[in-house]
Amino acid sequence: MKETGTEIAKIVQMANRLSARVMREEGLGKAEADLVRLVREQPGISQKIAGETLDMDKGAVARRAVNLEKKGYLTRKNNPADARSQLLYPADRAERFRDSDASAEEAFYQWLFATLPEAERAAFYDTVHKLSRSAETESNDGFPNVCDRLGRPALKTENGPENRQRKPAGTAKSRREPDVWLL
């Protein structure tokens, strides 16, 4: 099993490497790209909340926001509820970055899976979908089965008690269909 995990991590690492190179060509570092993604997902987010979300100090967020505004990725507007703070919004270039960043990863996975015969590709998608549902359920439940293997109690969750009854992997129904990154 260890080799399989290592191979999956290696594939993800290659996709991340491609994404990082695309970001560099766009003139963005990783921390800047993370801020652009967050602002795209939450237009009008305050610099304070952005910093808390990304675990960045107030000054770092402000510097990055100024740089990203100069590069055409973000716009800053005064917060009508608090004159001392600013809200961040995506600019047109942020949307173009989203397209190039996502399309680079998508193109990588499309190319990678095209190397498999159709039957193997279909079986792989089914397996990944099952694993994704199991992983999401395990995570939502506080990782009870994984923690059991580690000899420790399950983690506290917002979904209920910290020690839920252990279930065999894949038997629980997910609350929603997870996004499968490989499809």
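I take a patch to consist of residues with over 30% relative accessible area and no salt bridge, where like charges are joined within 9 Å and nonpolar side chains (Val, Leu, Ile, Met, Phe, Trp, Tyr) within 5 Å. I note that the model is predicted: local features need pLDDT of at least 70, side-chain atom pairs count only at pLDDT 80 or more, and totals for chains, interfaces and linings use all residues. Residues are numbered from 1 along each chain as its sequence is written, and side-chain values use heavy atoms, with hydrogens and water left out.

**Entry 1: surface patch**

I looked up the nonpolar surface patch and found that Phe143, Val146, Leu150 and Leu155 make one of about 340 Å². Accessible areas come from the Shrake-Rupley method with a 1.4 Å probe, and for residues only the protein chains shown count as cover. I placed Phe143 in the loop between helix H6 (118-140) and helix H7 (144-150). Helices (H or I, at least four residues) and strands (E, at least two) are DSSP runs, numbered from the N terminus. Phe143 has a relative accessible area of 32% and is therefore partly exposed; buried means under 20%, exposed over 50%, and partly exposed in between (1.4 Å probe, protein chains only).

**Entry 2: the chain as a whole**

I recorded seven helices and three strands in the protein chain. Along the sequence their pattern reads α-α-β-α-α-β-β-α-α-α. Of the 183 residues, 30% are buried.

I examined H2 (residues 30-41) against H3 (residues 47-54): their axes come within 11 Å and cross at roughly 120 degrees. Axes here are lines fitted to C-alpha atoms, for helices over the stretch in contact, and angles run from 0 to 180 degrees between N-to-C directions. H2 and H3 are therefore oblique to each other. Angles under 35 degrees count as roughly parallel, over 145 as roughly antiparallel, 65 to 115 as roughly perpendicular and the rest as oblique. The crossing of H2 past H3 is right-handed; a crossing is left-handed if the near helix is turned anticlockwise from the far one by less than a right angle, and right-handed if clockwise.

I then turned to H3 and H4 (residues 58-71), whose axes come within 9 Å and cross at roughly 110 degrees. H3 and H4 are therefore roughly perpendicular to each other, and H3 passes H4 in a right-handed crossing.

I located Gln42 in the loop between H2 and strand E1 (45-46). Gln42 is partly exposed, at a relative accessible area of 36%. Its C-alpha atom is separated by 9.0 Å from that of Pro90, 48 residues apart along the chain.

**Entry 3: salt bridges**

I found seven salt bridges in the structure, each being a side-chain nitrogen of Lys or Arg within 4 Å of a carboxyl oxygen of Asp or Glu.

One of them joins Glu7 and Lys10, with the closest N and O atoms 3.5 Å apart. The two are three residues apart in helix H1 (residues 2-25), so about one helical turn separates them. Glu7 is partly exposed at 42%, and Lys10 is partly exposed at 40%.

Lys71 and Glu32 also meet in a salt bridge (3.1 Å, N to O). Lys71 lies in H4 and Glu32 in H2, so this pair ties together parts that are 39 residues apart in sequence. Lys71 is partly exposed at 31%, whereas Glu32 is buried at 11%.

Asp82 bridges to Arg84, with the closest N and O atoms 3.5 Å apart. Asp82 is partly exposed at 26%, whereas Arg84 is exposed at 78%.

Finally, I noted a network of salt bridges that links Lys30, Asp34 and Arg37.
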